[in-house]
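Biologist: I would like to learn how to read a fold from coordinates. Could you take me through one example, feature by feature?

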Amino acid sequence: MNKSDLIEILAKRLPSLAGRDVEVIVNTIFDSMSEALKTGDRIEIRGFGSFEVRTRKPRLGRNPKTGMSVDVGERRVPFFKVGKELRERVNRG
């Protein structure tokens, strides 16, 4: 499922809202989540999971094309931890 599929499903479930309105709502939610992660906040959606930003330490990497060693600096990456309820639903089905 991608974002347009999600918008389409929500538009069908909420016939009182126009497709454009559903798209604005979905984009607003995703933008808000992105901004929260960018500022270092943690996002928790009960029954679904939580999002947070983790910091990866600097390391020595390798250029796959040339084989040369490359210094990879410290990076911040988003991390998702699945919630218990979602894990159980996936394992049941």
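Modeller: Gladly! Let's start with a term: a nonpolar core is a set of buried Ala, Val, Leu, Ile, Met, Phe, Trp, Tyr and Cys residues joined through side-chain atoms within 4.5 Å. Keep in mind that this is a predicted model.

Biologist: Which residues make up the largest nonpolar core here?

Modeller: That core has 5 residues in all: Met-33, Ala-36, Leu-37, Ile-43 and Phe-51. Helix α2 gives the most to this core, with 3 residues. As a general idea, nonpolar side chains in soluble globular proteins tend to be buried together. For one link, take Ala-36: leaving aside neighbours within four places in sequence, Ala-36 is in contact with Asp-41 and Ile-43.

Biologist: Now the overall layout, please. How many helices and strands are there?

Modeller: The protein has 3 helices and 5 strands. Along the sequence, they follow the pattern α-α-β-β-β-β-β-α. The radius of gyration is 19 Å, well over the 12 Å that the globule rule gives for 93 residues, so the protein is more spread out than a compact globule. Its C-alpha atoms fill a box of roughly 55 × 30 × 30 Å along the principal axes.

Biologist: What share of the residues counts as buried?

Modeller: Of the 93 residues, 14% count as buried. For contacts, look at sequence separation: among those between residues at least 6 apart in sequence, 33% join residues at least 24 apart.

Biologist: Let's turn to the strands. In what order do they form the open sheet?

Modeller: To read a sheet, follow the pairing from strand to strand. Here 3 strands form an open sheet in the order β1-β2-β5, with antiparallel pairing. The edge strands, β1 (43–45) and β5 (75–82), each pair on one side only. From one strand to the next, the twist averages 25°.

Biologist: How many bridges join β2 to β5?

Modeller: There are 8 bridges between β5 and β2, which covers residues 49–56, and the two run antiparallel.

Biologist: Finally, single residues. Is Ser-50 buried or exposed?

Modeller: The test is relative accessible area, where buried means under 20% and exposed over 50%. Ser-50 lies in strand β2 and has a relative accessible area of 7%, so this residue is buried. Its side chain makes a polar contact with the side chain of Arg-42, at 3.2 Å. Beyond neighbours within four places in sequence, Ser-50 is in contact with residues including Ile-43, Glu-44, Phe-79 and Phe-80.

Biologist: What about Arg-20: buried or exposed?

Modeller: Arg-20 counts as exposed because its relative accessibility is 65%. You will find Arg-20 in helix α2, which spans residues 19–38. From C-alpha to C-alpha, Arg-20 and Asp-5 are 14 Å apart in space, and they are 15 residues apart in sequence.

Notes. Residues are numbered from 1 along each chain as its sequence is written. This is a predicted model: local features need pLDDT of at least 70, side-chain atom pairs count only at pLDDT 80 or more; totals for chains, interfaces and linings use all residues. Side-chain values use heavy atoms; hydrogens and water are left out. Two strands pair if DSSP finds at least two bridges between them. Helices (H or I, at least four residues) and strands (E, at least two) are DSSP runs, numbered from the N terminus. Axes are lines fitted to C-alpha atoms, for helices over the stretch in contact, and angles run from 0 to 180 degrees between N-to-C directions. Buried means under 20% relative accessible area, exposed over 50%, partly exposed in between (1.4 Å probe, protein chains only). A polar contact is a pair of N or O atoms within 3.5 Å; within protein, one must be able to donate a hydrogen and the other to accept it, and residues adjacent in sequence count only if both atoms are side-chain atoms. Contact means heavy atoms within 4.5 Å. The radius of gyration is taken over C-alpha atoms; the globule rule is 2.2 Å times the number of residues to the power 0.38.
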